[in-house]
Amino acid sequence: MKEIEGIYKAQLVIQEMSLALIMKVALKGDNLEVSIDLPEQGAVGLQATQVSFENSTLVYQVKEIGMLYQGIYSEQKFKGSAKLQEQEIEVEFEKTEIKLPGDTTLVSTEDELKELAAQEKGAFKYQVKDYFQRPKSSGFQLSPNGKYLSYREKDERNKRHVYVKEIETGIVTRVIEEAGELVRGYGWINDDRLAYVMDQGGNENYHIYAVDVDGSNNIDLTPFDNVQAGILNMLKEQKDYIIITMNLENAQVFEPYKININTGEYVKLFTNDDPTNPVADYDFDKDGVLRGYSKMLNGIQTQYFYKAIGENEFTLFHTVNWSDTFSLLAFNYASENKDEAYVLTNLDSDKQRIILYDFKTKSILKEVYSNSEYDASIIGLSRNRNWEIDYLGYEGDKVVIEPVSDTFKKIDQDLQNHFGGYEYSIVAKTEKEDRYLIIVQSDKLYGKYYNYDRDTGAISLLYDLMPQLKEQDMAEMRPISFLSRDGVKLHGYITLPKEVHQGQRVPLVVNPHGGPQGIRDSWGFNPETQLFASRGYATLQVNFRISGGYGKEFFTSGFKQIGRKVMDDVEDGVHYVITKGWIDASKIAIYGASHGGYATLMGLVKTPNLYCCGVDYVGVSNIFTFFESFPEYWKPYKEMVKEIWYDLDNEQEREIAKEVSPIFQLDRISKPLFVVQGANDPRVKIAESDQIVSALRKRGFDVPYMVKYDEGHGFAKEENSISFYETMMGFLSMHLK
């Protein structure tokens, strides 16, 4: 059977429509495995069942598309027929070569990675899969009228389909079937129709689909190749329409379209005709009227254009630096003044604050909410009670919600009385706002869904997402703060295993976050840090300068400091937790994804004696090639990225960029490294990982290298995630124990 292994391509002709059909045949031990791709339909990796190959005849079924295939092999072709929905179609598969991204010769074999995973020795109460398998049911949502409860449920093949349950009758219907590609997200558009989003293998070219509550009329609203679409406004006042953005006419710019969710008919609402100074954001009101938009200027400034009520044209409102904030959160529909809105701003302050603003007179009517230490960021309005403010808040060490309306004060009191010590979030509420879907979480609780009745105060458990993970076995995630070497107050978190409380000094995993700009680590359940703690490792997460939520000065102080002061902040955090007596300073690893992967490489370069090993997950290794490989829709923002990272057109900064690009500092990397990459990553391309692996191996380094060819910027498929973490735990065990 070895001779039939490979990739085959055919054209499937159905009712005058021709579709590419790709068949992958592989021999796994004594078993023959077959999978099917229908790329134009967004279906990849459909696994065949009942596979047999006898007397040169291949037979199999693909249940997802209702296909039974039978073909005879000869001269690198399979000639036969496919039975589809009682229709028999002649299909001829011809062997072909589909070039995989990157240098496939660099990738560690499956056996090599399994051998690495097997290096983790010991008896543990929880396996890796206990932390990273998807919940059996998840993603619970309410229909606007409260008649239906929707959720995702995982089958035996780890496919997470979307179901709708009619609450009164208990009737359950599968409305969205997850086949080869992952359903990246879904939600209710109106009482009768849902939207969901998919891409192909993590390439982030998202398509938006819509489907009826009974699973019928399932259509691709954005059936375009190499186009990225996103939902901008659900238009609750116009239930058959949504507003989306997509880069349909120019890959570098996104324009808004109003689209009929039943037919897919669309109309463009605004033309973004200047790719060098693209529109970055659109502000529509609840009636779908474009009221304002933000436009980039020369890559480093933002112009805001606004059209006041009664005016015919948009006029330039102001021009500010791109790093300043002036963001329209919501119009104040409770006011007779239709130009009145809640705005998030830091134009005349360091911390972001929420103000009530009159766009007609360009004046602040009042300050609504602020905090002296953190950026304000949260506002909740009641659509049912004439848009009064329900709550305001910010994220500090934890999320802080401050009730405002009398109605929400009662809701908050009910929930605090019931869930004291936990964080709750409102997942959904009915249009009448009388029933709420709540998720409750903490650093030790993955999450539980509850139903809450506003009128009676009744609270009932709906679903425990991860019942196998017992709270009493989980580790504490403790907020910390300390001063950097140059006197800057830094915040972060340390997750401590039980061994610390027994007086032991433990190994440490340093985990710098991605981004890096505007992103931050947060308090809550983190399966990574809990897995590390279960193996006796502490985890340090530092919100270094350039992280979001701590004010404008803190944010901008990290510009042109990536790989330099940003790394100093991480190192200062390491030294801080060592002085607390928690950490064995001889056993410290560094691991991160995206910018965190870059920080891993830079940690091994900058302070080679601080870390004993590193794990680079979809990380940048070369700032020069990273810039050169930007996706098209990033290119208009290149000047902004130059401000954040380095201006490679400036000779001095170009030299700095070279000094902080790990690929040029290979002689300083002396500790073991494990590299992990998604082959279809559009942000940090596979070349970033290929080049660091290739260069280190030429120096004699044994660098294990995992690549998943059906993933993008981070692994989304359950089996891939589990494989990654199992392998990483073997790698860490070799060097931390």
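Two strands are taken to pair if DSSP finds at least two bridges between them. In this predicted model, strand S6 (residues 57-62) and strand S7 meet that criterion, pairing in the antiparallel sense over six bridges. Within this pair, tyrosine 60 has tyrosine 69 of S7 as its bridge partner. S6 and S7 form a hairpin with four residues between them, and glycine 66 in the turn has a positive phi of about 60°.

Strand S7 (residues 67-74) also pairs on with strand S8 (residues 77-84), to which it is joined by eight bridges in an antiparallel arrangement. Leucine 68 stands opposite lysine 83 in S8. The hairpin of S7 and S8 has two residues between the strands, and glutamate 75 takes a positive phi near 50° there. In a regular strand the side chains alternate between the two faces of the sheet.

The domain assignment divides part of the protein chain into domain 1 (2-98) and domain 2 (118-131 + 473-736). The C-alpha centres of domain 1 and domain 2 are 42 Å apart.

Threonine 245 stands opposite proline 256 in S20.

The other open sheet has the order S33-S34-S35-S36, and its pairing is antiparallel. Strand S33 (423-429) and strand S36 (459-464) are at the edges with a single partner strand each, so one side of each lacks a neighbour in the sheet. The twist in this sheet averages 30° from one strand to the next. Strand S35 (residues 448-453) pairs with S36 in the antiparallel sense over five bridges, and lysine 448 stands opposite aspartate 464 in S36.

A further hairpin joins S31 to S32 through three residues. Five bridges link strand S31 (residues 388-395) with strand S32 (residues 399-403), and the two run antiparallel. The bridge partner of leucine 392 is glutamate 402 in S32.

Two threonines in strands were considered individually. Threonine 302 is placed in strand S24 (residues 301-306). The relative accessible area of threonine 302 is 17%, and the residue is therefore buried, since the cut-off for burial is under 20%. With neighbours within four places in sequence left aside, threonine 302 is in contact with Ser294, Lys295, Met296, His318, Thr319, Val320, Asn321 and Trp322.

Threonine 495 lies in strand S38 (residues 489-496). This threonine is buried because its relative accessible area is 0%. Residues up to four places away in sequence not being counted, threonine 495 touches Ala475, Glu476, Met477, Thr529, Ala533, Tyr537, Ala538 and Thr539. Threonine 495 and tryptophan 387 are separated by 108 residues in sequence and by 40 Å in space, C-alpha to C-alpha.

Two packed helices are described by the angle between their axes and the distance between the axes. For helix H5 (residues 527-534) and helix H13 (residues 718-736), the axes come within 12 Å and cross at roughly 40°. H5 and H13 are therefore oblique to each other, and H5 passes H13 in a right-handed crossing. In this packing, Glu528, Leu531 and Phe532 of H5 meet Tyr725, Met728, Met729 and Leu732 of H13.

Helix H7 (residues 565-579) and helix H8 (residues 595-606) pack with their axes 11 Å apart, at an angle of about 80°. H7 and H8 are therefore roughly perpendicular to each other, the range for that class being 65 to 115 degrees. The residues that meet are Val566, Met567, Asp568 and Glu571 in H7 and His595, Ala599, Met602, Gly603 and Lys606 in H8.

Terms used
Residues numbered from 1 in each chain as written. Predicted model: local features only at pLDDT ≥ 70, side-chain atom pairs only at ≥ 80, totals over all residues. Heavy atoms only, no water. Domains from an automatic or database assignment. Buried < 20%, exposed > 50% of the residue type's maximum accessible area, 1.4 Å probe, protein only. Contact = heavy atoms within 4.5 Å. Axes fitted to C-alpha atoms, helices over the stretch in contact; angles between N-to-C directions. Parallel < 35°, antiparallel > 145°, perpendicular 65-115°, else oblique. Left-handed = near helix turned anticlockwise from the far one by under 90°.
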